[in-house]
Amino acid sequence: MSDDRDDLRSHLAGSGAPDRRAFIQFLASSPLLTSAGVSTLVGALTAGGGALAQSYDVLRAPASKVGDVIDSPEQALNVMDFEPAAKKALPPAHYGYLASGVDGDETLRANHEAFSKIRIRTRRLIDVRKIDTSITILGQTYNSPIMLAPVSSQGAFNPEAEGAVARAAKVQGHGMILSTVGSTSIEDVTKDRGAPVWYMLYPTDDWNVTEALVKRAEAAGAPAIVLTVDRQGGRNTETLFRLPRDDTRDCKMCHGGGFANEVSRKPMFDDLDVSKVNNLYGTGMTWEFVDRLRKIVKGKLVLKGIVTHEDAKESLNHGVDALIVSNHGGRAEESLEATIDALPEVVKAVDGKIPVLIDGGFRRGTDVLKGLALGASAVCIGRPYCWGLAAFGQPGVEAVLKIMQREFETIMRQVGAVKISEITSEDVTRG
Ligand SMILES: Cc1cc2nc3c(=O)[nH]c(=O)nc-3n(C[C@H](O)[C@H](O)[C@H](O)COP(=O)(O)O)c2cc1C
């Protein structure tokens, strides 16, 4: 009964006045309740609280049939509900760009499926009514351990692109990483986020361009430069190559004219001489490049794409401040190694000396908890917020973040953790 009461209280707490009146009328007309019962129940329901209860907001969303593609963010029950809506909203080629992994997309699938092999150990009889999900990482404090991974070319998903994402991140205080090949400049994104964002660097093969990108990002206040190191070998994005076959538009209208054109039309390359840039990805980077970069980065230097203990240990010898365990969302190589499975060896190798973040396949609040329990300091998501962006713009991104955060808070309470530091390896089990 008290569960029901909490649920109903939450319903009322989240309702506008007309809804509340209608709901009380509904209760009054219910054959299951006497009038004395109604007034007791309504008194209990309106007596504050409700934050712990399941939200019934979705019941007020416009109705659609089971199996229908959602047509408003409020209808979503989980973040996966946004993917078909994004597919419906996007031209096939752009959806292919977002959806693609490499080769047979098996690593992309493995990233998420690996979570189902990790179970959660729940604890009882702990007062979890008040919880704090904030984190401080590399000197920055965020309200949530869920951060937004760098995703390039978000103009392909919505004209407001990274600006809409930054405004959504601001609403609930999430950290955000902007890609070098984003559709929006770091100055505009910083303004929309209302706080500095981390800057993900594809350094190019021209050091002058590298230096200029770092300087510009730092001038905009970026506290961290995130060097992505997992795209050096080339890749075969089959899904991206296949889906444009269903697209009736002429891709060359927007994507014409060689590599320099691809780079120079991105705002982070405005006013830069990119005539000597031959490659954004396969630049022959080595640890010496990391040393060289370390010398010019004034703030924190993060490596994104580390998945082994060997590379994690080596990072410590080169002044790296944090790592992101990542396989680019299954877009780098078909390793079949899920990032959540690679996380423990990286965490062990750095031995608490620097924070370790992770991304790849995080779709549920329980996935976030598992990542933190296995030693991550924060978790990044990529595709889910882009599904929200593609389907509904800023409100879609907000909804994705809200759902994942709500799920995360629920499972945090169920394991008896009232703050992030109370999430430990004792909360999960395998085998
Ligand atoms: C369409 C797309 C573009 C991406 N662009 C970049 C990028 O420019 N730089 C980068 O470091 N990672 C990029 N990533 C990888 C993400 O940062 C992140 O590692 C990945 O999306 C996490 O996996 P998830 O999508 O399963 O959450 C991209 C991912 C996608 C789906």
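Let's start with Ser-326: in this predicted model, one of its polar side-chain atoms sits 3.3 Å from an oxygen atom of the ligand. Lys-304 also reaches a ligand oxygen, using an N or O atom of its side chain, at 2.9 Å.

| Residue | Part of the residue | Distance to a ligand oxygen |
|---|---|---|
| Ser-326 | side chain | 3.3 Å |
| Lys-304 | side chain | 2.9 Å |

How much of the ligand's accessible area does the protein cover? On its own, the ligand has 600 Å² of accessible area, and the protein covers 99% of that. Two elements each give two or more residues to the shell around the ligand: helix 5 (92-99) and helix 16 (383-392).

So much for the contacts; now for the whole shell. The ligand is surrounded by 24 residues, and the closest are Pro-150, Ser-179, Thr-228, Asp-359 and Arg-363. Sorted by class, the shell has ten nonpolar residues, nine polar ones and five charged ones.

Now for a pair of helices. Two packed helices are described by the angle between their axes and the distance between those axes. Helix 13 (residues 309-316) packs with helix 14 (residues 339-350) at an angle of about 30 degrees, and their axes are 8 Å apart. Angles under 35 degrees count as roughly parallel, so helix 13 is roughly parallel to helix 14. Is their crossing left-handed or right-handed? The crossing of helix 13 and helix 14 is right-handed.

Note on methods: Residues are numbered from 1 along each chain as its sequence is written. This is a predicted model: local features need pLDDT of at least 70, side-chain atom pairs count only at pLDDT 80 or more; totals for chains, interfaces and linings use all residues. Side-chain values use heavy atoms; hydrogens and water are left out. A residue is near a molecule or strand if one of its heavy atoms lies within 4 Å of it. A polar contact is a pair of N or O atoms within 3.5 Å; within protein, one must be able to donate a hydrogen and the other to accept it, and residues adjacent in sequence count only if both atoms are side-chain atoms. Accessible areas come from the Shrake-Rupley method with a 1.4 Å probe; for residues, only the protein chains shown count as cover. Helices (H or I, at least four residues) and strands (E, at least two) are DSSP runs, numbered from the N terminus. Ala, Val, Leu, Ile, Met, Phe, Trp, Tyr, Cys and Pro count as nonpolar, Asp, Glu, Lys and Arg as charged, and the others, Gly among them, as polar. Axes are lines fitted to C-alpha atoms, for helices over the stretch in contact, and angles run from 0 to 180 degrees between N-to-C directions. Angles under 35 degrees count as roughly parallel, over 145 as roughly antiparallel, 65 to 115 as roughly perpendicular and the rest as oblique. A crossing is left-handed if the near helix is turned anticlockwise from the far one by less than a right angle, and right-handed if clockwise.
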